[in-house]
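Keep the sequence and the 3D view at hand while reading.

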Amino acid sequence: MKFKIFGIMLLALLVSTSFAFGAVKNPDTIVEATIGGPETMDPHWSYDTASGEVIYHTYDCLIAYKGESLSEFVPMLATEVPSAKNGLIKDNGLTYIFPIRKGVKFQNGDILTPEDVEYSFERGMIFDRSGGPVWMLLEPLCGVGSIEEVATKVTGVENYGDMFDGDELKPEYKDAMTKVYTDYVDKTVEVDGDKVIFHLAQPYAPFLNIISHGGSWGSIIDKKWSIAQGAWDGKADTWWKYHDPKCEEDPLYATANGTGAFMLKKWIPEEVIMLERFNDYWQGPAKIKNVVIKYVNEWTTRKLMLQTGDADIVYVPNQYMDEVTGMEGVRVVEDLPTLQNAVSMFPWIINAEGNPNIGSGKLDGEGIPSDFFSDIHVRKGFSYLFPYELFIDKIQKGRAIRNPGPLVKGLLGYSDDPSLFYNFNLSKATEEFKKAWDGKLWEKGCKFNIFYNAGNDVRKAACDMIAAYARLINLKFKLTPVGVQWSSYLKQFLSEKLPFYTIGWLADYPDPHNWIPTYIGSSGTYSAYFGKAYGEFAKKNIDPLIDKAIKSTDPEERAKLYKELVKIAHDQAISLYLYQPIGHHVERDWVKGWYYNAIMPGEPAGADFYSLSKSE
């Protein structure tokens, strides 16, 4: 009898346990387990995806992307998307008009006004923190890369800091600094009734992409509330006091008050973000009441949270994907194209001063000359040397694709024309290397370091392969892979002392102008450090095409120009374009409503919490 009773109890326990594991946990809450917490809650400071994910849900922008599209827009805080057809883009692309939605509430109850929109963009431009994202606003609106560039031009000083004694502006510069705002910033954005009008310094095709929902820098903030927190007071003769603050001293660093679907409830840095549904959201309240983003660095812990249902969405690195594929109660979405890539760079001129990375500094078998990569046959040799498909198959586990040049798949102007791809071919690599430096390279050999950022095993593997195959075809080719901590890596990159290095780019906005100038323009984020010889080449052969493409309002013309630029990058073997990662998304199968947009910030594939619900 006791055994019978025990058996019934055990059966009941098993049924109960089975039900518990199958039932939806926390039906009113989405729990995401990921890594790397936010740096800030300020939309004008944020330039990292973790901060961007929170800001995406607490703030709105004037327009948004339509579902999964990267090229179609829908109105958000504006009631219409400007176009030449509806008359809201005028003057050959120099004027953009946004009618502002009425009756929208900020989360503190304030009502959105056109003045809030004007303040948001002007505050962003004067804020312009060092290394931040606001260059994307300043470039189309003021035709410059930084507000300090305007200030030094207007005041006539050589360096921005020359105008200050400590934190105080020298009195003789006050009038000129006031003009920086009145004559430049203030003229770019104006209110006309219920409309906000932007006056661009030049036609700028990706302007709508830049200010669309997905990039925090286009967020609309509450003017009255922001000033009360201690942000810029909106006055022309004080703006420099609010320029480039330290992160934790920024008054909007740890607080939020947007018009978004969720309110910031709690933030414990590197531990958790808690969001709460904003019931007065202008599009109607979200289906989910709460969002909890937990920052859990250990994979085994995140995996257990996924298995038990304690997390609904989980960040899973590539190397662990086999552990979740087929897991009961879990949905895995793969083959998601990302807007990022990895590239190995060939500077045409290397800074040789006190530089141990190039050995003897001569083509004598014990080093390389500073202009080593200015020879196209060297660059082409390495372009044929890399085993692209093997690398993607073995190292990336098939979760990456090839790039023919500086554009990634999914962007205007991308082409999969086979003639634009270099393929692994040791015979052709040998042929090119034998031509390099009039045959001296093959005869003498070379010795130098090749670099990756320490801790990035994928980039380390790429460098190891390059070094191994170089030595395979010529024992005199001695390349040493070196991993360097990120801070040191950047310093050596900026000082132009890295002879060969691998680095990546993640899209700020989905337009080729965010990629082409970066990689091959004379003043690009990366290519500006390729040396004087490359700069002269780019100014003559590349910059005019970039300028023409950015000013064009015809997508077909732009696509043609970018394809031409990609062909130049290929023909000149400007860099070694390694791979474009393919993304994935892992969630419990009770999560409903997830969709993919490659520009959405967050865990590898991002999630629009407003669209999500949970059910059996």
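The notes below go through these topics in turn.

**Cysteines**

The model is predicted. How many disulfides does it hold? The count comes to zero. A disulfide needs two cysteine sulfur atoms within 2.5 Å. For cysteine 61, the closest cysteine sulfur belongs to cysteine 142 and lies 19 Å away, so the gap is too far for a bond. Cysteine 61 is buried, with 1% relative accessibility. For cysteine 446, the closest cysteine sulfur is that of cysteine 463, at 15 Å, which is again too far for a bond. Cysteine 446 is also buried, at 1% relative accessibility.

Strand S17 covers residues 446–453. Is this strand mostly covered or mostly open? It is mostly covered, as seven of its eight residues are buried. S17 pairs with strand S18, residues 477–484. The two strands run in the parallel sense, with eight bridges between them. Within this pairing, phenylalanine 448 stands opposite leucine 479 of S18.

**Salt bridges**

A search of the whole structure gives 16 salt bridges.

| Pair | N to O distance |
|---|---|
| Lysine 105 – aspartate 280 | 3.6 Å |
| Aspartate 194 – lysine 195 | 3.8 Å |
| Aspartate 547 – lysine 551 | 3.4 Å |

Lysine 105 forms its salt bridge with aspartate 280. This pair links distant parts of the chain, 175 residues apart. Lysine 105 sits in the loop between strand S5 (95–99) and helix H3 (114–127). Aspartate 280 sits in the loop between strand S11 (272–277) and strand S12 (290–295). Lysine 105 is partly exposed, with a relative accessible area of 33%. Aspartate 280 is partly exposed too, at 44% relative accessibility.

In the second pair, aspartate 194 is partly exposed at 30% relative accessibility.

Where do aspartate 547 and lysine 551 lie? Both are in helix H19, residues 543–551. They are four residues apart, about one turn of the helix. Aspartate 547 is partly exposed, with a relative accessible area of 34%. Lysine 551 is partly exposed, with a relative accessible area of 37%. Elsewhere, salt bridges that share partners join Asp42, Arg123 and Asp250 into one network.

Conventions. Residues numbered from 1 in each chain as written. Predicted model: local features only at pLDDT ≥ 70, side-chain atom pairs only at ≥ 80, totals over all residues. Heavy atoms only, no water. Buried < 20%, exposed > 50% of the residue type's maximum accessible area, 1.4 Å probe, protein only. Pairing = 2+ DSSP bridges. Salt bridge = Lys/Arg side-chain N within 4 Å of Asp/Glu carboxyl O.
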